[in-house]
Amino acid sequence: MIPQSEAELADMIKAANAPLRIAGGGTRGIGGDGMALDTGGLGGVRLYEPGALTLVAGAGTSVAEIETTLAAENQRLAFEPSDLRDALGTSGESTIGGVVATGASGPRRISVGAVRDHMLGVRFVDGTGTPVKNGGRVMKNVTGYDLVKLMSGSHGTLGVLTEVSLKVLPDVEMQASLRLDGLTTAQAVQTMCGALGSPYEVSGAARDLDGAVLLRLEGFENSVRYRAQALMAKLGGDATLIENSADVWRD
């Protein structure tokens, strides 16, 4: 079943006499019983106001489409939707509804918050086939019971998302990462904890499959370079500065 509108989705849910399995872009490989309910027909960016830092999109809109739209205005989804296709061995295209439903936030959540912290409003259809709206399309209109954050990470158990409203943020001038090799597991943990507890605004810390520790810094170029040098001095040891490291974190 592939509804093309919220009203059509509501009718399908009302008529269902067995469990339904919500399917987005198929990137999570989540199975389960029930007839597949594909949200792909509920796509499209419906409202984008760069000056107000807000974007509204149908739940079936691909994350790639949203990121392309935002990049044209030098903006981004700051919570960094995680892409786990390689790790899970799946394919397909991540959808914004799937990101919200699974609470799929990336490493930057330690500094800017998770997807739930960037949600302004939602529309969804509950298990009785009733359309529900909560929150708003702009920040000043977010009032009432906070079902918006409740929907994040709910995995479709509370309803099928049809539309999400998000706060977006300007992109950064420079993104760079420090790479430290040859650390034991204990040393890697100590290094990451020390970096995250420093005043140098580390926006991501990870250990890759090769055992290297990666520490990300973002902001204005002069600030990033200063903080990178200061952090290297604080941590000691040999570190390599990777400039323009967005691809490192995406992979």
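**A charged pair and its setting**

Reply: E80 and R108 form a salt bridge in which the closest N and O atoms are 3.9 Å apart. The two partners come from distant parts of the chain, 28 residues apart. E80 sits in the loop between β5 (75-76) and α3 (85-88), whereas R108 sits in the loop between α4 (96-102) and α5 (109-112). The model is a predicted one, and the distance is computed from its atoms. The pair counts as a salt bridge because a side-chain nitrogen of Arg lies within 4 Å of a carboxyl oxygen of Glu. In general terms, side chains of opposite charge can pair when their charged atoms come close.

Are the two residues buried or exposed? E80 has a relative accessibility of 15% and counts as buried. R108 is buried as well, with a relative accessible area of 5%. Both assignments rest on the cut-off for buried residues, which is under 20% relative accessible area.

The pair also belongs to a wider arrangement. E80 and R108 are linked with R76, D171, R216 and E218 in a network of salt bridges. The structure as a whole holds 11 salt bridges.

R123 forms a salt bridge with E6, with the closest N and O atoms 2.7 Å apart. This pair, too, links distant parts of the chain: R123 belongs to strand β6 (residues 119-125) and E6 to helix α1 (residues 6-15), 117 residues apart. Here R123 is partly exposed, at a relative accessible area of 26%, while E6 is buried, at 17%.

E221 and R225 form a further salt bridge, their closest N and O atoms being 3.1 Å apart. Both residues lie in helix α8 (residues 221-235), four residues apart, which is about one turn of the helix. E221 is partly exposed, with a relative accessible area of 32%, and R225 is likewise partly exposed, at 30%.

The protein contains nine helices and 13 strands, and buried residues make up 42% of its 251 residues. Among contacts with a separation of 6 or more, 66% join residues 24 or more positions apart. The accessible surface of the protein comes to about 12,600 Å², and carbon and sulfur atoms account for 51% of that area.

Terms used: Residues are numbered from 1 along each chain as its sequence is written. This is a predicted model: local features need pLDDT of at least 70, side-chain atom pairs count only at pLDDT 80 or more; totals for chains, interfaces and linings use all residues. Side-chain values use heavy atoms; hydrogens and water are left out. Helices (H or I, at least four residues) and strands (E, at least two) are DSSP runs, numbered from the N terminus. Buried means under 20% relative accessible area, exposed over 50%, partly exposed in between (1.4 Å probe, protein chains only). Contact means heavy atoms within 4.5 Å. Accessible areas come from the Shrake-Rupley method with a 1.4 Å probe; for residues, only the protein chains shown count as cover.
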